[in-house]
Amino acid sequence: TAIVEDSQGVGFAIPSNTILKEIEDLVKNGSYDKHSWLGASGVDMTYEIAEVMDTEVTYGWLIAEVTSGGPSEKAGLQGGTEQTTVVDEQIIIGGDIIIAVSGVRITGIEDLSAYLEEYTLPEQTVNLTVIRNNETISISLELENRPTTSTV
């Protein structure tokens, strides 16, 4: 845990499981660069978004956009098709909704990011459970190494 001085209580914490996975590279190389990457951006599903999309799925991670040439595009994941306002916020709807990774339920970006960080490595294939047009489908995706500036 670290706290930034004069920051009015801003602090950072790294889960111990993350450190255990990364410590060897950190000691040997001074850095860790084996972060998995999906190549997509999106938002957490909510009841309000589900209403606008006419779906009963109120959890998961809604894909707004897939990165050109990235793992999500290669796997055939679909980004959103329509920009709309939901609870005074502009979002892109109509994309795939990720609800599980390798059988583990995903309720939002925190679950997705934590799963990728703790249990996966680049070049590993994961099985995504996705809602597309109100149908549940399974998509295999080969993760890539996260670029230095990226989406999930």
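Reader: Which backbone nitrogen lies 3.1 Å from a polar atom of the T46 side chain?

Author: The backbone nitrogen of I49. That is a polar contact, meaning a pair of N or O atoms within 3.5 Å; within protein, one must be able to donate a hydrogen and the other to accept it, and residues adjacent in sequence count only if both atoms are side-chain atoms.

Reader: What kind of model is this, and how are residues numbered?

Author: This is a predicted model: local features need pLDDT of at least 70, side-chain atom pairs count only at pLDDT 80 or more, and totals for chains, interfaces and linings use all residues. Residues are numbered from 1 along each chain as its sequence is written, and side-chain values use heavy atoms, with hydrogens and water left out.

Reader: Back to T46. Where is it found?

Author: T46 sits in the loop between β4 (40-44) and α2 (47-53). Helices (H or I, at least four residues) and strands (E, at least two) are DSSP runs, numbered from the N terminus.

Reader: Why does T46 count as partly exposed?

Author: Because its relative accessibility is 29%. Buried means under 20% relative accessible area, exposed means over 50%, and partly exposed is in between (1.4 Å probe, protein chains only).

Reader: Overall picture, please. How many helices and strands?

Author: Four helices and 12 strands. The protein has 152 residues, and 38% of them count as buried. Among contacts (heavy atoms within 4.5 Å) between residues at least 6 apart in sequence, 56% join residues at least 24 apart.

Reader: Charges next. How many salt bridges?

Author: Two. The rule asks for a side-chain nitrogen of Lys or Arg within 4 Å of a carboxyl oxygen of Asp or Glu. K74 and E144 make one of them, at 2.7 Å, N to O. K74 lies in helix α3 (residues 71-75) and E144 in strand β12 (residues 144-145), so this pair ties together parts that are 70 residues apart in sequence.

Reader: K74, buried or exposed?

Author: Exposed, at 60% relative accessibility. E144 is partly exposed, at 22%.

Reader: Which residue pairs with R132 in a salt bridge?

Author: D96, at 2.7 Å, N to O. R132 belongs to strand β10 (residues 125-132) and D96 to the loop between β7 (89-93) and β8 (97-101), so parts 36 residues apart in sequence are tied together. Both R132 and D96 are buried.

Reader: What else does R132 touch?

Author: Leaving aside neighbours within four places in sequence, R132 contacts G76, L77, Q78, D96, I137 and I139. A polar atom of the R132 side chain also lies 2.9 Å from the backbone oxygen of G76.

Reader: Which residues have the most contacts inside the largest nonpolar core?

Author: L77, I98, V101 and L128, in a core of 18 residues. β5 (61-66), β8, α4, β10 and β11 (135-142) each supply at least two of its residues. A nonpolar core is a set of buried Ala, Val, Leu, Ile, Met, Phe, Trp, Tyr and Cys residues joined through side-chain atoms within 4.5 Å.

Reader: And L128, what is it in contact with?

Author: Beyond neighbours within four places in sequence, L128 meets L77, I98, A100, V101, I137, S138, I139 and L141. A second, separate core of 12 residues includes M45, L62, V86 and I99.

Reader: Aromatics. How many pairs?

Author: One. Y115 and Y119 are tilted, 5.1 Å centre to centre with 40 degrees between the planes. Rings of Phe, Tyr and Trp (its six-membered ring) pair if their centres lie within 6.5 Å; planes under 30 degrees apart count as stacked, over 60 as edge-to-face and the rest as tilted. Both tyrosines lie in helix α4 (residues 109-119), four residues apart, about one turn of the helix.

Reader: Which residue lies over the face of Y59?

Author: R105, at 3.8 Å from the ring centre. The test wants NZ of Lys or CZ of Arg within 6 Å of the ring centre and within 35 degrees of the ring normal.

Reader: Last one, backbone. What is the phi of N133?

Author: Near 50 degrees, a positive value in a residue other than glycine. N134 also has a positive phi, of about 65 degrees. Most residues other than glycine have a negative phi. N133 is exposed at 68%, while N134 is partly exposed at 48%.
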